[in-house]
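The entries below follow the order in which I went through it.

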Amino acid sequence: MPPDLGLNDPLLLNQWFALAWTSSLPENKLQPVRVLGRDLVLWRTSDAVHAWKDLCVHRGAKLSLGRICRREGGECIICPYHGWEYNFAGECVRIPAHPDQAPPSRAHVDRFVVQEKYGLVWVCLGKPVGDIPSFPEASMPGFRLIPTGPYEFHAQGPRIIENILDLAHLPIAHAGLLGDPANAEIGEYTVTTTAEGIVARDIPLWQPDPDGTGRSAKVHYTFWVERPFTTRLTKNHPTQHFSILVAVTPVDAENSVAWVLIAMDYAHDVPEEELRQFQDKVTAQDIRIVNSQRPELLPLDLQSELHLRSDQIAIAYRRWLKHLGLQYGIS
Ligand code: FES
Ligand SMILES: [Fe+2]
């Protein structure tokens with residue numbers, strides 16, 4: 001990995017990353033967030049969300065410690081140190097120590113593109129190479145959307161995503177919840193890599209209680225990976241559909257958060273909190289293991305580590321990351 005630890009990886013600078021729940025960002029709040037080792041401040045005006053570098057160009061104070069002020073012409077952020085005022089376009093419009101002087105033209109804040117989708121605030125630090133990751137079930141009739149997380153990992157995106165794509169761990173690491181150690185065999189499946197990414201369809205797996213009714217059944221998983229640090233999966237069994245979108249945000253060189261959205265078209269009577277607790281329990285089992293993996297950086301050389309037939313998705317993912325030229329979180 002280059003000396004910047006991959007934090008300037010162009011592939012990642014041009015991706016969308018989830019940084020906050022929309023619901024956690026009311027007007028009048030300055031929310032500090034961190035992505036790829038950069039400090040940002042998110043804030044909302046009546047018609048838009050803004051993502052700025054969390055730094056005042058005067059003496060480098062954090063703008064997120066300041067406050068929002070309503071002025072004629074729109075809202076401003078006021079720096080907590082010397083009170084410079086930045087309008088919603090990021091331009092400094094007032095310097096209290098020199099009220100009659102026009103602020104220097106260089107006095108503006110760096111801004112980033114931002115969008116809200118699926119109840120999340122997404123930011124791209126560079127020029128977005130595509131849309132926000134797709135999650136079709138989020139807008140399908142009959143599905144409800146359950147936000148879970150964000151889950152904190154002391155690990156990088158590649159190990160975290162590979163954990164989601166790993167079927168053989170379900171009956172073991174999540175025994176009793178997502179699989180049965182006595183029925184842990186993974187059957188044949190195929191993985192396809194296209195220009196959009198990776199897809200592995202209809203992988204059968206025996207589960208002790210796939211739909212919460214207490215009855216064991218065979219389910220079929222399908223996985224898509226269309227962004228380096230995002231994956232979605234569906235788990236279908238005859239009439240019920242369960243989907244998850246996992247979007248991993250690299251916080252810095254060593255830490256990540258995973259934003260997990262669940263969409264399901266059944267069990268609408270089960271309280272959201274109960275579903276969230278189940279996901280918390282499953283993810284806690286994963287965090288413990290993923291944080292322990294060494295090397296921390298995912299080896300893209302397939303001669304490293306051992307790969308079996310059941311690891312085909314992981315093999316495809318490592319090959320794909322290599323093809324994309326990812327620099328962060330890999331070796
Ligand atoms: S550091 Fe912000 S106004 Fe001086
Ligand atoms: Fe897991």
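**Entry 1: the four-stranded sheet.** I started with an open sheet of four strands, which come in the order E5-E6-E7-E8 with antiparallel pairing. At its edges I found strand E5 (67–71) and strand E8 (92–94), each of which pairs on one side only. From one strand to the next the twist averages 40°. For the terms, I take strands (E, at least two residues) and helices (H or I, at least four residues) as DSSP runs numbered from the N terminus, and I call two strands paired if DSSP finds at least two bridges between them. Angles run from 0 to 180 degrees between N-to-C directions, with axes as lines fitted to C-alpha atoms, for helices over the stretch in contact. Within this sheet, E5 pairs with strand E6 (residues 74–78) over five bridges in the antiparallel sense, and I noted Arg71 opposite Gly74 in E6.

**Entry 2: conventions.** I keep in mind that this is a predicted model, in which local features need pLDDT of at least 70 and side-chain atom pairs count only at pLDDT 80 or more, while totals for chains, interfaces and linings use all residues. Residues are numbered from 1 along each chain as its sequence is written, and chains are lettered from A and ligands numbered from 1 in the order in which they are written.

**Entry 3: the whole chain.** I counted five helices and 17 strands in the chain. The C-alpha trace spans about 75 × 50 × 35 Å along its principal axes. Of the 331 residues, 35% count as buried, where buried is 20 or more other C-beta atoms within 10 Å of the residue's own, exposed is 12 or fewer, and partly exposed lies in between, with C-beta atoms placed from the backbone.

**Entry 4: two domains.** The domain assignment, automatic or from a database, gives domain 1 (10–124) and domain 2 (136–324), and their centres, taken over C-alpha atoms, are separated by 34 Å. The contact between them takes 14 residues from domain 1 and 14 residues from domain 2, with contact meaning C-beta atoms, placed from the backbone, within 7 Å. On the side of domain 1 that touches domain 2, helix H1 (10–13), strand E1 (16–21) and strand E2 (31–35) each supply at least two residues, and E1 gives the most, with four residues.

**Entry 5: strands E4, E9 and E10.** I then followed strand E4 (residues 48–53), which pairs with strand E9 (residues 111–117) in the antiparallel sense over two bridges; Ala51 has Phe112 in E9 as its bridge partner. E9 is also joined to strand E10 (residues 120–124) by five bridges, again antiparallel. In the hairpin of E9 and E10, with two residues between the strands, Tyr118 takes a positive phi near 55°.

**Entry 6: the seven-stranded sheet.** Another open sheet has seven strands in the order E11-E17-E16-E15-E14-E13-E12, with antiparallel pairing. Strand E11 (144–153) and strand E12 (191–193) each have a single partner strand, so one side of each is left without a neighbour in the sheet. Neighbouring strands here are turned by 20° against each other on average, direction ignored. Eight bridges join strand E13 (residues 198–207) to strand E14 (residues 217–227), with Pro204 facing its bridge partner His220 in E14. A hairpin of two residues then leads from E14 to E15, and Arg227 stands opposite Thr230 in E15.

**Entry 7: two helices.** Which strands does H2 lie across? I found helix H2 across E11, E14, E15, E16 and strand E17 (256–264), running at about 170° to E16. Helix H2 (residues 157–164) is mostly covered, with eight of its eight residues buried. In helix H4 (residues 272–290) I looked up Gln277, which is exposed because 12 other C-beta atoms lie within 10 Å. Gln277 and Thr148 are 129 residues apart in sequence, yet 8.7 Å apart in space, C-alpha to C-alpha.
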